[in-house]
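Subject: Structure for your review

Dear colleague,

I am handing over the structure below, and after it you will find an account of what was found. Please read the account with the coordinates open beside you.

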Amino acid sequence: MKGNVAVGGLAVVGAGMAWRRLARRKRARDAGSRWLAVTVNCAPERLSPEPEPLARIRDIAEVTTRPAPGGRGTELAARLLDPRSAGKIRRLTGTDPRLRVRTALRDAKSLVETGEVLLPDAPPTTHPPSPAGKVLDVAIRRAGGEGRL
């Protein structure tokens with residue numbers, strides 16, 4: 001009797017682990033096919049030529065432009081054409097195409113709103129960094145563009 005209960009318990013635990021693994025895979029697949037979007041403070045009519053950063057990702061992503069909700073400018077959106085091309089290993093090595101899409105959207109927003117691509121990682125000071133500052137610099141470089149759009 002105890003053996004049957006143990007086997008039944010193991011079967012339930014195994015089924016739960018399998019379900020969890022399948023759900024995790026589905027979330028990862030869906031994450032690659034999601035639309036990434038930024039709102040630009042610019043009327044849709046003024047964006048007649050597509051911003052250059054968005055033109056660079058046409059080979060890997062579908063790009064749309066539409067009026068933002070509430071008449072607050074223009075919404076630029078992009079998603080990968082092949083979500084399977086993204087993954088954890090490519091993200092760690094810095095070759096994940098989602099990073100290119102995020103960077104292109106951020107650069108396009110900056111270019112449209114200010115006329116130039118702003119570089120946020122420029123050194124803010126001329127003083128050499130402290131040991132803690134060096135660790136922070138490494139962490140920022142390893143972040144791989146996963147900051148705000």
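Accessible areas come from the Shrake-Rupley method with a 1.4 Å probe, and for residues only the protein chains shown count as cover. On that basis the accessible surface of the protein chain comes to about 11000 Å², and 59% of this belongs to carbon and sulfur atoms.

Please bear in mind that this is a predicted model, in which local features need pLDDT of at least 70 and side-chain atom pairs count only at pLDDT 80 or more, while totals for chains, interfaces and linings use all residues. Residues are numbered from 1 along each chain as its sequence is written, and side-chain values use heavy atoms, with hydrogens and water left out.

The protein chain holds five helices and three strands, where helices (H or I, at least four residues) and strands (E, at least two) are DSSP runs numbered from the N terminus. Their order from the N terminus on is α-β-α-β-β-α-α-α. Of the 149 residues in the protein chain, 22% are buried, a word that stands for under 20% relative accessible area, with exposed meaning over 50% and partly exposed in between (1.4 Å probe, protein chains only).

The three strands form an open sheet in the order β1-β3-β2, with antiparallel pairing; two strands pair if DSSP finds at least two bridges between them. Because β1 and β2 stand at the edges, each with a single partner strand, one side of each is left without a neighbour in the sheet. Seven bridges join β2 to β3, and Val63 has Ala78 in β3 as its bridge partner.

The largest nonpolar core has 18 residues, and those with the most contacts inside it are Leu54, Ile57, Leu76, Val101 and Leu105. Such a core is a set of buried Ala, Val, Leu, Ile, Met, Phe, Trp, Tyr and Cys residues joined through side-chain atoms within 4.5 Å. The helix α4 gives the most to this core, with five residues. Leaving aside neighbours within four places in sequence, Leu54 is in contact (heavy atoms within 4.5 Å) with Val63, Leu76, Ala104, Leu105 and Ala108.

Finally, Cys42 lies in the loop between β1 (36-40) and α2 (52-55). Is Cys42 buried or exposed? Cys42 counts as buried because its relative accessibility is 5%. Not counting residues up to four places away in sequence, Cys42 touches Leu47, Gly73, Thr74 and Val112.

With kind regards
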